[in-house]
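This report describes selected features of one protein structure. Please keep the sequence and the model in view while reading.

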Amino acid sequence: MSFSLKDFLVILRLVVDILAVWATVYAGIQIVRSNNRTIQIVKGILVVFLIKVAAIVMKLTALTYLLDLFLNWSVILVLIILQPEIRSLLEKVGKTNMLFTSGVPKERMTNMIDQLMEAVEHMSKSKTGALITIEMGQSMEDYEKTGIPMDSDVTSELLETIFQYGTPMHDGAVIIEGDKVACSAAYFPTTTKDLPSKYGARHRAAVGISEVTDSITLIVSEETGGISIAQRGVLTPYNPEALKRYLINSLGLDDSAAKPVKPEVEPRFFSPKTREEKTKHDDRVQAIEIKDLRVVKGAEQ
């Protein structure tokens, strides 16, 4: 069986054709999944198609004619409606090789969580209000444009400085993309839900952004220092340890990859055999308790 140059060109043409179709489908999926509005539009088009199939089966001539008119113009309508998303996608293609990008290494994501948790704990103790959003699957580029571009590493010092009362950026939101601070002082749409009066503007904005994206938003209350998470339109309070486990699981990191929180004194069982050993043990425990008390009092001040 001979293999000629013509056969090779035919196979090459088929491969290129398949890759072109795959790239087009991938780009379409990227446009759809990057914004909650586009998802709703696609759902609406699918509903129209289902109604048309039902109209054909039931032989509803007038309804089928109207649906055909709508679908004939739907391509132009979709292009007009999705013009910002399509333009954003083309800009990304021109700037980076988005088809073959790799995710952020696990070590860097783990360090990002550690820095984020350190900042959140400090701001919770000092009752410094904060609003921090972690981008997940859907792009938050539209909301990043409302803030101040940064592209900085996530550090506890940076986050605490941003949300320090009186700074120009403390009143907006920080958006984290990967392991970078994409922007600060961003503004989010507020929710229309009736939240309890104890929740202020930050909580309403956090719930609002969680209703239109799949992001994870952390809130530190300026009044109580309480820590909450808004996701999928639900506001849930968390303590620091539970929050860290939640972020590790949500970002696809193993517990073993996270930096362990080592207690200052490791608990162990102790059974003194002599009076002298018991006296030394009691003195050691008392010293630890006094030291812990100084730490607690320092944190309260």
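## A helix across the strands

Which strands does helix H5 lie across? The model is predicted, and in this model helix H5, residues 106-125, lies across strand S1 (130-134), strand S3 (173-177), S5 and S6. The helix runs at about 30° to S5.

## The sheet

The strands belong to an open sheet of seven strands, in the order S2-S4-S3-S1-S5-S6-S7 and with mixed pairing. Strand S2 (148-153) and strand S7 (234-238) stand at the edges; each has a single partner strand, so one side of each is left without a neighbour in the sheet. On average, with direction ignored, neighbouring strands of this sheet are turned by 25° against each other.

Strand S5 (residues 216-220) and strand S6 (residues 227-231) run antiparallel and are joined by four bridges. Within this pairing, Thr217 has Ala230 in S6 as its bridge partner.

## Strand S1 and its partners

Strand S1 pairs with S5 in the antiparallel sense over five bridges, and Ala130 stands opposite Val220 in S5. With S3, strand S1 pairs in the parallel sense over three bridges; here Thr133 stands opposite Ile175 in S3.

Are the residues of S1 mostly covered or uncovered? The strand is mostly covered, as five of its five residues are buried. In a regular strand the side chains alternate between the two faces of the sheet. In S1, Ala130, Ile132 and Ile134 point one way, while Leu131 and Thr133 point the other way, and all are buried.

## Aromatic pairs

How many aromatic pairs are there? The count comes to two. In one of them, the ring centres of Tyr143 and Phe188 are 6.0 Å apart and the ring planes stand at 85°; an angle over 60 degrees counts as edge-to-face, so this pair is edge-to-face. Tyr143 lies in helix H6 (residues 141-144), whereas Phe188 lies in the loop between strand S4 (180-186) and helix H8 (201-212), so the pair ties together parts that are 45 residues apart in sequence. Both Tyr143 and Phe188 are buried.

Tyr238 and Tyr246 also form an aromatic pair, with 5.2 Å from centre to centre and 45° between the planes, and this pair is tilted. Why does Tyr238 count as partly exposed? Its relative accessibility is 22%, and buried means under 20% while exposed means over 50%, so Tyr238 is placed in between, as partly exposed.

Definitions and conventions:
Residues are numbered from 1 along each chain as its sequence is written. This is a predicted model: local features need pLDDT of at least 70, side-chain atom pairs count only at pLDDT 80 or more; totals for chains, interfaces and linings use all residues. Side-chain values use heavy atoms; hydrogens and water are left out. Two strands pair if DSSP finds at least two bridges between them. Helices (H or I, at least four residues) and strands (E, at least two) are DSSP runs, numbered from the N terminus. Axes are lines fitted to C-alpha atoms, for helices over the stretch in contact, and angles run from 0 to 180 degrees between N-to-C directions. Contact means heavy atoms within 4.5 Å. Buried means under 20% relative accessible area, exposed over 50%, partly exposed in between (1.4 Å probe, protein chains only). Rings of Phe, Tyr and Trp (its six-membered ring) pair if their centres lie within 6.5 Å; planes under 30 degrees apart count as stacked, over 60 as edge-to-face and the rest as tilted.
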